[in-house]
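Subject: Structure handover

Hello,

Here is the structure I promised to pass on. Please open it first, then read the notes below.

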Amino acid sequence: KQWYQRRVAITAGTTEGTLSLHDYFGDSWGILFTHPGDYTPVCTTEFAKMIQMLPEFTKRNVKLIGLSCDSIAHHCGWLKDIKAYGNLDVDNIAFPIIEDVKRDLVVKFGMLDADVKDVAGLPLPARALYIIGPDKKLKLSILYPATTGRNCDELIRVIDSLQLTASKRVATPANWESGSECMVLPSVKGEEATRLFPEMRTVQVPSGKEYLRFTPQPE
């Protein structure tokens, strides 16, 4: 997390002018996601999907910013293809795209995929994604190889989990979805657990240890 905080204060050129990441995210949650390059097939499908899902991110107070190792002029031309592919009826994309022609930022963030190279033989950026909290701390990072597209629906699921567990003393189990049961944190014990989670149920296991404690999702 400290590694990220040293770098999140960067200022960069984007399709919406020069921006500081700190100032752009403000008090919101933020997603910084990188792409191997403009006019590439998987990236085009990802960008279209992220734009389609903007209402869901906005509902959760999440701001997006993309990064691709091409120029702003390239980004603006590529966006026309993205809109056409996604049948997007929008005049302006509601989040900026950072230019990183010299790959300075992807090197700083450790986002290069050494196994996949461009036509010039240079490593391509991996599909890195960082979720940043309002406190400017890194909450989650996901790294896909250049050849594998992201599951954008999973981003909504993990944001719901991160925002819930930031304010409630619960964790979310495997395949959790918003509205389903959560797990009581091991640090919540005895009478406090009963008071906070009156509908808590405990799953019995051979060890006899009562650590699998489930509760309806807190409001």
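**Helix α7**

In α7, the buried residues are Cys152, Leu155, Ile156, Val158, Ile159, Asp160, Ser161, Leu162 and Leu164. Buried means under 20% relative accessible area, exposed over 50%, and partly exposed in between, with a 1.4 Å probe and protein chains only. Helices (H or I, at least four residues) and strands (E, at least two) are DSSP runs, numbered from the N terminus.

This is a predicted model: local features need pLDDT of at least 70, side-chain atom pairs count only at pLDDT 80 or more, and totals for chains, interfaces and linings use all residues. Residues are numbered from 1 along each chain as its sequence is written, and side-chain values use heavy atoms, with hydrogens and water left out.

Back to the helix. α7 covers residues 152–167, which is 16 residues. From first C-alpha to last it reaches 24 Å, close to the 22 Å expected at 1.5 Å a residue. The expected span is 1.5 Å times one less than the number of residues. At the start of α7, a side-chain oxygen of Asn151 comes to within 3.1 Å of the backbone nitrogen of Asp153.

How many residues of β3 are buried? The count is 7 of 7, so β3 is largely enclosed by the rest of the structure. In a regular strand the side chains alternate between the two faces of the sheet. In β3, Trp29, Ile31, Phe33 and His35 point one way. Gly30, Leu32 and Thr34 point the other way, and all are buried.

β3 has a parallel pairing with β4, over 7 bridges. Two strands pair if DSSP finds at least two bridges between them. Ile31 is opposite Leu64 in β4. His35 is opposite Ser68 in that strand. β3 also pairs with β8 (residues 127–132), here antiparallel and over 4 bridges. Leu32 is opposite Tyr130 in β8.

β4 is mostly covered too, with 6 of its 7 residues buried. β4 runs parallel to β5, and 3 bridges join them. Gly66 of the pairing is opposite Ile97 in β5.

Two aspartates deserve a look. Asp38 sits in the loop between β3 (29–35) and α3 (41–52). Asp38 is buried, at 7% relative accessible area. Its side chain makes a polar contact of 2.8 Å with the side chain of Ser68. Another polar contact, of 2.7 Å, joins the side chains of Asp38 and His75. A polar contact is a pair of N or O atoms within 3.5 Å; within protein, one must be able to donate a hydrogen and the other to accept it, and residues adjacent in sequence count only if both atoms are side-chain atoms.

Asp70 lies in the loop between β4 and α5. Asp70 also counts as buried, at 19% relative accessibility. A polar atom of the Asp70 side chain is 2.8 Å from the backbone nitrogen of Asp38.

What else do they touch? Contact means heavy atoms within 4.5 Å. Leaving out neighbours within four places in sequence, Asp38 is in contact with Ser68, Asp70, Ser71, His74, His75 and Trp78. On the same terms, Asp70 touches Gly37, Asp38, His75, Glu99, Asp100 and Val101.

**Helix α5**

α5 spans residues 72–86, with 15 residues. Its reach is 21 Å from first C-alpha to last, close to the 21 Å expected. Which residues of α5 are buried? They are His75, Gly77, Trp78, Leu79, Ile82 and Gly86. These buried residues pack against α3, β4 (62–68) and β5 (97–99). Asn87 follows α5, with a positive phi near 50°.

**A separate sheet and the cysteines**

Four strands form an open, antiparallel sheet in the order β10-β11-β13-β12. β10 (170–171) and β12 (201–202) stand at the edges, each with a single partner strand, so one side of each has no neighbour in the sheet. β11 (residues 182–184) and β13 (residues 213–215) run antiparallel and are joined by 2 bridges. Met183 has Phe214 of β13 as its bridge partner.

The structure holds 0 disulfides. A disulfide is a pair of cysteine sulfur atoms within 2.5 Å. Cys76 is partly exposed, with a relative accessible area of 38%. Cys152 is buried, at 5%.

Best wishes
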